[in-house]
Amino acid sequence: MDDFEKSLNYVLVDTFNSILKYEESSLKKIVSVPVTITEAHMLEAVGEFESEGTTVSDVASFLGVSMPTATVALKKLESKGFINKEPCVRDGRRMIVNLTDMGRKINKAHYLFHKRMVKNISRQFPDTEKDALYKAVTRLNSFFKERVEA
């Protein structure tokens, strides 16, 4: 790796780790119960489709994880009292996943964290630089999505 690539690697890895640490510490301050970032993202996926009747398959698809991974994670969330599951009325083989009141509280806190984070980042840039930032992050996102989906 040349110097630019070494520096870019450091900044990408450090930024990713910093975002996760910031997200986790912010959630701890907002929510009174311990919740991991993975759990918060799982709850977000459940909440995304809740009005339509979220299934384990919906959660797995939304997060890009396998069904067994989603199943295990959701069982853990259920044992913590963040979600509940009930059989689907139309297809008894499927389970409908819903947020409990505590799950909704955590999901709302997670949403507010992201809203504040984006607002605070946005304030760091003059309007003339916001478009360049957005384009650069969008290109990074496309780069990684292409590698994951290949």
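At what angle do the axes of helix H1 and helix H5 cross? The axes of H1 (residues 3-30) and H5 (residues 101-123) come within 10 Å and cross at roughly 125°. Helices here are DSSP runs (H or I, at least four residues), as are strands (E, at least two).

Keep in mind that this is a predicted model, where local features need pLDDT of at least 70 and side-chain atom pairs count only at pLDDT 80 or more, while totals for chains, interfaces and linings use all residues. Residues are numbered from 1 along each chain as its sequence is written, and side-chain values use heavy atoms, leaving out hydrogens and water.

Back to the pair of helices. On the H1 side, Tyr 22, Glu 23, Ser 26, Leu 27 and Ile 30 meet residues of H5 including Phe 113 and Met 117; contact means heavy atoms within 4.5 Å.

Leaving aside neighbours within four places in sequence, Leu 27 is in contact with Val 35, Ile 37, Ala 40, Ala 109 and His 110. Leu 27 is also among the residues that touch the most other members of the largest nonpolar core, which has 21 residues. Such a core is a set of buried (under 20% relative accessible area) Ala, Val, Leu, Ile, Met, Phe, Trp, Tyr and Cys residues joined through side-chain atoms within 4.5 Å. H2 gives the most to this core, with six residues.

For contrast, look at Gly 64, in the loop between H3 and H4. Gly 64 is exposed, with a relative accessible area of 67%, the cut-off for exposed being over 50%.

Note on methods: Axes fitted to C-alpha atoms, helices over the stretch in contact; angles between N-to-C directions. Buried < 20%, exposed > 50% of the residue type's maximum accessible area, 1.4 Å probe, protein only.
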